[in-house]
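Hi everyone, thanks for making time this morning. I'd like to walk you through a structure that may be new to you, one stop at a time.

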Amino acid sequence: FTKAACIACHTIPGIPDAEGKVGPLLEEGTNAPKRLKDGNYKGHASSVREYITESILDPSAYVVKDFPDNQMPKDFGQKLSAGAVNKIVNYLSQLKAGQPPPAIE
C-alpha cells in the first residue's frame with residue numbers, strides 16, 4: 001500500500017499512516033458486495049476479489065458516490081506487478097467491519 005501510494009488517498013484499516021480522505025475508505029470486505037449490486041456499477045466483476053482487482057485496474061468501472069471519477073490513476077496495471085495487485089486484493093478482501101484487520105503478508 002505504501003509503495004503503490006494508496007495511503008496518500010485512502011484510509012485503510014490496519015495500515016499505518018493510511019488516513020487519506022481523497023478516495024473512499026478501503027474496507028472492501030464490507031463495501032464490495034453492496035457496490036456490486038449498485039445500479040451505477042458498470043464493471044464485470046461477480047465476486048469481492050474480482051471487484052477489488054477491477055477497482056485497482058479499471059477504477060472508472062464503479063465510482064463511489066461523492067468521489068470524482070478520474071481521481072485514481074488508471075495505470076496501476078502497468079505500475080504494479082500481478083503479485084503486488086494480488087497482495088492488495090488479498091488484504092482488502094479480508095477486511096471486516098468491527099473486526100481487527102488481517103495480518104499483512
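**A short tour**

Let's begin with Glu 27, which sits in the segment before H1. Keep in mind as we go that this is a predicted model. Glu 27 is buried but has no salt bridge. Its nearest side chain of opposite charge belongs to Lys 34, 7.7 Å away. So what does Glu 27 touch, once we set aside its neighbours within four places in sequence? The contacts are Pro 13, Leu 95 and Ala 97.

Which side chain does Glu 54 meet in a polar contact? That would be Tyr 41, at 2.3 Å. The Glu 54 side chain also reaches a backbone atom, the nitrogen of His 44, at 2.8 Å. If we leave out residues up to four places away in sequence, Glu 54 touches Tyr 41, Gly 43, His 44, Ala 45, Pro 59 and Ala 61.

You'll find Gly 43 in the loop between helix H1, residues 28–37, and helix H2, residues 48–57. Is Gly 43 buried or exposed? Its relative accessible area is 19%, and the cut-off for buried is under 20%, so Gly 43 counts as buried. Beyond its neighbours within four places in sequence, Gly 43 is in contact with Glu 54 and Ala 61. Pro 59, meanwhile, is 16 residues along from Gly 43 in sequence, with 9.4 Å between their C-alpha atoms.

Let's move to the nonpolar side of things. In soluble globular proteins, nonpolar side chains tend to be buried together. Here, the largest nonpolar core has 24 residues, and those with the most contacts inside it are Phe 1, Ile 12, Ile 56 and Leu 92. Which elements give two or more residues to this core? They are H2 and H4, and H4 gives the most, with 5 residues. Take Ile 56 as an example: leaving aside neighbours within four places in sequence, Ile 56 is in contact with Met 72, Phe 76, Leu 80, Val 85, Ile 88 and Val 89.

Since H4 came up, let's look along it. Helix H4 covers residues 82–94, which makes 13 residues. The buried residues of H4 are Val 85, Ile 88, Val 89, Asn 90, Tyr 91, Leu 92 and Ser 93.

Most residues other than glycine have a negative phi. Asp 17, though not a glycine, has a positive phi of about 70°. Asp 17 lies in the segment before H1, and at 63% relative accessibility it counts as exposed, because the cut-off is over 50%. Asn 70 has a positive phi too, near 65°. Where is Asn 70? It lies in the loop between H2 and helix H3, residues 76–79. With a relative accessible area of 55%, Asn 70 is exposed.

That's the tour, and I'm happy to go back to any stop.

Technical notes. Residues are numbered from 1 along each chain as its sequence is written. This is a predicted model: local features need pLDDT of at least 70, side-chain atom pairs count only at pLDDT 80 or more; totals for chains, interfaces and linings use all residues. Side-chain values use heavy atoms; hydrogens and water are left out. Helices (H or I, at least four residues) and strands (E, at least two) are DSSP runs, numbered from the N terminus. Buried means under 20% relative accessible area, exposed over 50%, partly exposed in between (1.4 Å probe, protein chains only). Contact means heavy atoms within 4.5 Å. The expected span of a helix is 1.5 Å times one less than its number of residues. A polar contact is a pair of N or O atoms within 3.5 Å; within protein, one must be able to donate a hydrogen and the other to accept it, and residues adjacent in sequence count only if both atoms are side-chain atoms. A nonpolar core is a set of buried Ala, Val, Leu, Ile, Met, Phe, Trp, Tyr and Cys residues joined through side-chain atoms within 4.5 Å. Lys and Arg count as positive and Asp and Glu as negative; His and the chain ends are not counted. A salt bridge is a side-chain nitrogen of Lys or Arg within 4 Å of a carboxyl oxygen of Asp or Glu.
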